[in-house]
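Please keep the sequence and the model open alongside the numbered paragraphs.

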Amino acid sequence: MTQTVPIPNGLPTDRDAGPFDPPSAFTRLRESRPVCPLVFPDGHEGWLVTGYDEVRQVLADTRFSSRLDLGVIHVPYPTPGMPPQTEPSPQMPGVFISMDPPDHTRLRRRLTGAFTVKRMKQLEEHINEIAERHLDAMARLTPPVDLVREFALPVPSLVICELLGVPYEDRATFQHNAARFMVKDIELEEKIAVVGALTGYLAELVTRKRAEPGEDILSDLARQDDLSIEELTGIAFLLLLAGHETTANMLGLGTFALLEHPEQMAELRADPDLVPGAVEELLRYLSVADVFYRYATEDLELGGETIPKGSTVVVSLLSANRDPRRFDEPDALDVHRNARGHMSFGHGIHQCLGQQLARLEMRAGFGGLLRRFPDLRLAIPANEVKLRTDMNIYGVHELPVTW
C-alpha cells in the first residue's frame, strides 16, 4: 500500500530545526523515502523529491517540464516555494525559466554571451570597487547598523542595475515591488498588481532602449528585432529579480551563519584564500532558493517510484544539498569542505545563468566584510534576528550588527 503524505496547509517549508537547517519533515522523508507521494491541500496527488541523486535527475530530465501551464497544480508566477494555485497559469513571455525547449533554448541563448566566465572575470575589479565603496560608507556610520540595508541589498542591486541598464535611482520602487512579489501568502490580486507595476516599468524601459540603445545587456537584447517588447520585458523582469534577490539574501544570511560559527569566521579571516571555497559551502549550507516545481510529461521512473504523466513534482534543493549520501556531515558548516556539486544554482538546462556573477559578488562581499570589520558581531540576540520565513527566497529581513 502506497503511503502518502497529507499536507493540509501547503508544503512544510518552515525551517523549524533552526535558522539554517532544512524543514525537519523534509529531512525525515529524505532518509525514509526520498521520492515520496504527497497530497496537496486541494486533494491533488503529487510527489516530493528530497534526495540529492533524485533531485539532480529531475532537474536534468526535460521530461519533467518547467512550464507552469501544465499539470493540475499551478503556481501563478515562476518563483520558488510559491503556494500552489488551482487555476491554470499562462506563460509569461520572456520568462524562460518557466519554459521548455525549444522556447527556452531560443531565449536563453541570447544571454549566454553576456554571462560567460570571461565576461564576468572582466567585471571582477569593478564589483570589488562597488563592495569597497559600500563598506567605506558603512564604516562611517555609527553602529549598530542593518547589514541588509547598508550592504547586502545595495551591492548586488547596483551591480545588476549597471549590467542591465536599469537606472539605480529607481531602485526604491522596484525593490519594494520585488519584495512584495516574493511574499508567500500575498493575495493573488495583489501579486498580479505588483507584477503589473514591475512589467509596466520595465516595458517602458526596454521600449526606450530599443529607440536609443546604450551599452548594457537590455540594450544589446533590444537591438534584436525578432525579440518582442513583451519578451524583452519578461527577460528584464527575470534578470532584475534574480540578479539582486538571491545574492542579497545570501550575503545577509551568510553573514548571520558565519557570526553564529565564530571558529569558521576566524579561519576565513586568517586565510582569505579560503573565501571562494567558503562561498560554495555557504551556498550549499543555506540554499536560499529551495523549492521548485516540475510537471511530468509522461510516465517516468524516479528513485524506484513510477511518476504518472501529469503529476506535479516538487523538489527541495536545500534537502538535496544536505543529503549525507552526497556530503559527509552535511549539517555542519565547514569552510574547508569541497562543496563542488551542490545544487544551489540548480542543475540541467535551467542552471542559473548568473551564477558566476553571484559568486564574484559574494566573494567580494564576504571577503571585504571580514577584512574591514574584524570585530563584527550581532547587535541583538541571534533568536531575535528576523528571518524571511514569509518569503519565497529565504534570508534575513534585517541583520543588526556592531563592531
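1. Pro 102 is placed in the loop between β4 and α3, where helices (H or I, at least four residues) and strands (E, at least two) are DSSP runs numbered from the N terminus. The peptide bond that leads from Pro 101 to Pro 102 is cis, with omega near 5°. Pro 143 and Pro 144 are also joined by a cis peptide bond, with omega about 5°. Pro 144 belongs to the loop between α4 and β5 (145–146). Most peptide bonds are trans, and most residues other than glycine have a negative phi.

2. Please bear the basis of these remarks in mind: this is a predicted model, in which local features need pLDDT of at least 70 and side-chain atom pairs count only at pLDDT 80 or more, while totals for chains, interfaces and linings use all residues. Residues are numbered from 1 along each chain as its sequence is written, and side-chain values use heavy atoms, with hydrogens and water left out.

3. Gly 94 is found in the loop between β4 (64–65) and α3 (103–109). Its relative accessibility is 0%, and Gly 94 therefore counts as buried (buried means under 20% relative accessible area, exposed over 50%, and partly exposed in between, with a 1.4 Å probe and protein chains only). Setting aside neighbours within four places in sequence, Gly 94 is in contact with Met 99, Leu 107, Glu 231, Gly 234 and Ile 235; contact means heavy atoms within 4.5 Å. Thr 233 lies 139 residues from Gly 94 along the chain, yet their C-alpha atoms are separated by 6.9 Å.

4. Ser 287, in the loop between α12 and β6 (291–296), has a phi near 45°, which is positive in a residue other than glycine. Ser 287 is buried, with a relative accessible area of 2%. Glu 329 is not a glycine either, and its phi is positive at about 40°. The position of Glu 329 is in the loop between α13 and α14, and at 64% relative accessibility Glu 329 counts as exposed.

5. Asp 323 sits in the loop between α13 (317–321) and α14 (355–372). Is Asp 323 buried or exposed? Asp 323 is buried, its relative accessible area being 2%. Not counting residues up to four places away in sequence, Asp 323 touches Arg 30, Gly 51, Tyr 52 and Pro 330. Asp 323 and Asp 53 are 270 residues apart in sequence, and the C-alpha to C-alpha separation is 9.0 Å.

6. How many salt bridges does a search of the whole structure find? The search finds 22 salt bridges, a salt bridge being a side-chain nitrogen of Lys or Arg within 4 Å of a carboxyl oxygen of Asp or Glu. Side chains of opposite charge can pair when their charged atoms come close.

7. Arg 372 and Asp 136 meet through their side chains in a salt bridge (2.6 Å, N to O). Arg 372 lies in helix α14 and Asp 136 in helix α4 (residues 117–139), so the pair ties together parts that are 236 residues apart in sequence. Arg 372 is partly exposed, with a relative accessible area of 28%, and Asp 136 is partly exposed at 31%. A network of salt bridges links Glu 132, Asp 136, Arg 371 and Arg 372.

8. Glu 281 and Arg 337 form a salt bridge between their side chains (3.0 Å, N to O). This pair links distant parts of the chain, 56 residues apart: Glu 281 is in helix α12 (residues 275–286), and Arg 337 is in the loop between α13 and α14. Both Glu 281 and Arg 337 are buried.

9. Arg 149 forms a salt bridge with Glu 150, and the closest N and O atoms are 3.2 Å apart. Arg 149 is exposed, with a relative accessible area of 55%, whereas Glu 150 counts as partly exposed at 24% relative accessibility.
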